[in-house]
Amino acid sequence: MSKSRLLNLPRAVEDSRDAGIAAHYGDLSGEQWRLETGEAISDFDDLDIVGVTGPDRLSWLTTLSSQIVTDMVPTDSRELLLLDNNGRINFAAAVKDDGERTLLLVEGGTGAALIEFLERMKFMLRVTMTDLSDQYTVLGEIIPDPEQVDICIAERAQLPGYLASWVDPWPGVTDGGATYSTPGASHPGDMRTRVFHILTRDRVMDFTELWRRRENGVAGRNAWEALRIEDHRPRLAREVDERTLPHEVDWLRTAVHLTKGCYCGQETVARIVNLGKPPRRLVLLQLDGSLSRQAKPGDDIEAGGRRVGAVTSVARHADLGPIALGLVRRSLAADTDLDVITEEGPIAAAQEIIVDPQGKSSASPDTRPGAELRGSGLAVRKPQ
C-alpha cells in the first residue's frame, strides 16, 4: 500500500499497524483533544473505495446485504454488512449514493475481494463495479455538536476536491436495528459524530489547508482509534475474525435491518435475536498503565490463568490511559479480574460492559422461554 501524502507532514510517525498512515504528528494527547473538539482532521487514505453504477445497484445491494438501501437519497448515509451463510461478517461498508453511483467505503485491502464477490453475485443485473481508490481518498472529522453536522458539511463542500460526506450513524440505533447494550445505559459516543469526507486524491493537501493553518490541526491514527475504542465502535480489521457475528460487537445498532427481506446469513441473525445468545461479547478494557508493557491486538485475555478471549484493538487515550477492546466469552462474569498476556508479561485489566452478558437484545422477544421469570429475579430450572 502506498503512503499517504499527509505522512510527509512535519513530525509524522508512521503507524505500525495501519501502514502508510501517521500514528501521530508528535503530540498524541493534544491531537486527540483537538480531534474530539472539532479542531483537527484525521487521515483515512488507507480506506478502499468501490463504486457501483447501474439502475439495479441499490435494490441489488439491499438483496445481498444486511441493510436496506433502496430508498437512499444523496443526503443519506447508511452502513451495511455482507455475511456468510452462518451469519459471520465478511465485509462491512459505509454507503453513500449520489443518485447515479453508489460509493462503498471499506477497510483497506478488502476492496478487490469485495469487487470479486460482487461480480460473482450480479448475474444478469445492470450493475458495474469499479475500484476508485486511486481517484479518491478520505479524511475523517469528529463534530462534537450534533446540531452542527449539516452546517459543517455545507462548509466542507466549498473546499477544493470535495465530493461527498458520509455521516457515521454510530452509536444510534437506526431503523430496523437493535442493541445488546444494557437497557437504559448511556453511550459514550452519544455526543460525538464521525464524518468521513470523500475527496479527489489530487486535491487532498488543498482540502486540508483549513486545518493545516492551525497549529497541529491534523490528528494521527492513535487519536482516532482512542476515541473509537472509547465509543465502542467496531472496526472490520480489528474486531472481526473468521467467526465474528454482528451481535457480538453490537453491530446490529447501525448495520443490520432486522425486518428486511431475505439475505445471506439472515437466518442466523434472526435466530440469535429471537432464540439464542451470542457466544462472545465485546468489552472495553481499562489496562494498567503503571508498567511499561504494551498490549497489542491478538493478545490473550485470561481469567485466573484460563484463556477467556482476545484483545482486538489497543490505543493510548489522552485521559483514560491505555485502553482496548476485546472479545470474551459471553458467560464471563462482569466483575471477573482479567489479565492481558503480552510478550513482556501480564497486564491487569478491568472490563466495562458493552454487550450485555445476558445476551438479550432490544429486539429480542419477551416471550423467549423464561423471560417472565428473569424480570422477577426467580431462577429457571432446566429439565433434568
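Me: Which residue of β18 stands opposite V340?
Reply: This is a predicted model, in which local features need pLDDT of at least 70 and side-chain atom pairs count only at pLDDT 80 or more, while totals for chains, interfaces and linings use all residues. Strand β17 covers residues 338–342 and pairs with β18 (residues 345–353) in the antiparallel sense over 5 bridges, where two strands pair if DSSP finds at least two bridges between them. Helices (H or I, at least four residues) and strands (E, at least two) are DSSP runs, numbered from the N terminus. A hairpin of 2 residues joins β17 to β18, and the residue opposite V340 is I347.

Me: Which residue of β17 does D300 stand opposite?
Reply: Strand β14 (residues 300–303) pairs with β17 in the antiparallel sense over 3 bridges. The covered face of β17 holds L338, V340 and T342, whereas D339 and I341 make up the uncovered one. The residue of β17 that stands opposite D300 is I341.

Me: Why does the pair of W166 and F196 tie together parts that are apart in sequence, and how many residues separate them?
Reply: Rings of Phe, Tyr and Trp (its six-membered ring) pair if their centres lie within 6.5 Å, planes under 30 degrees apart counting as stacked, over 60 as edge-to-face and the rest as tilted. The rings of W166 and F196 form a tilted pair, at 5.8 Å centre to centre and with 45° between the planes. Because W166 lies in strand β10 and F196 in strand β11, the pair ties together parts whose separation in sequence is 30 residues.

Me: Which residues do ring pairs link into a cluster with F196?
Reply: F196 counts as buried at 12% relative accessibility, where buried means under 20% relative accessible area, exposed over 50% and partly exposed in between (1.4 Å probe, protein chains only). The rings of F196 and W224 have centres 5.7 Å apart and planes at 40°, so this pair is tilted. It links F196 in strand β11 with W224 in helix α7, 28 residues apart. Ring pairs link F196 into a cluster with F44, W166 and W224.

Me: Is D46 buried or exposed, and which side chain does its own side chain contact?
Reply: D46 lies in the loop between β3 and β4 (48–53), and its relative accessible area is 7%, so D46 is buried. A polar contact is a pair of N or O atoms within 3.5 Å; within protein, one must be able to donate a hydrogen and the other to accept it, and residues adjacent in sequence count only if both atoms are side-chain atoms. Side-chain values use heavy atoms, with hydrogens and water left out, and residues are numbered from 1 along each chain as its sequence is written. At 3.0 Å, the side chain in polar contact with that of D46 belongs to R221.

Me: What backbone oxygen does the side chain of S65 reach?
Reply: S65 lies in the loop between α2 (57–64) and β5 (78–83), and at 1% relative accessibility this residue counts as buried. Leaving aside neighbours within four places in sequence, S65 is in contact (heavy atoms within 4.5 Å) with L80, L81, L82, K260 and Y263. At 3.2 Å, its side chain reaches the backbone oxygen of Q67.

Me: Over which residues does pLDDT stay under 50?
Reply: pLDDT is the predictor's confidence in each residue, from 0 to 100. The protein chain has a mean pLDDT of 93, and 95% of its residues reach 70 or more. For the stretch under 50, the model has 8 contacts beyond four places in sequence, and that stretch is residues 369–384.
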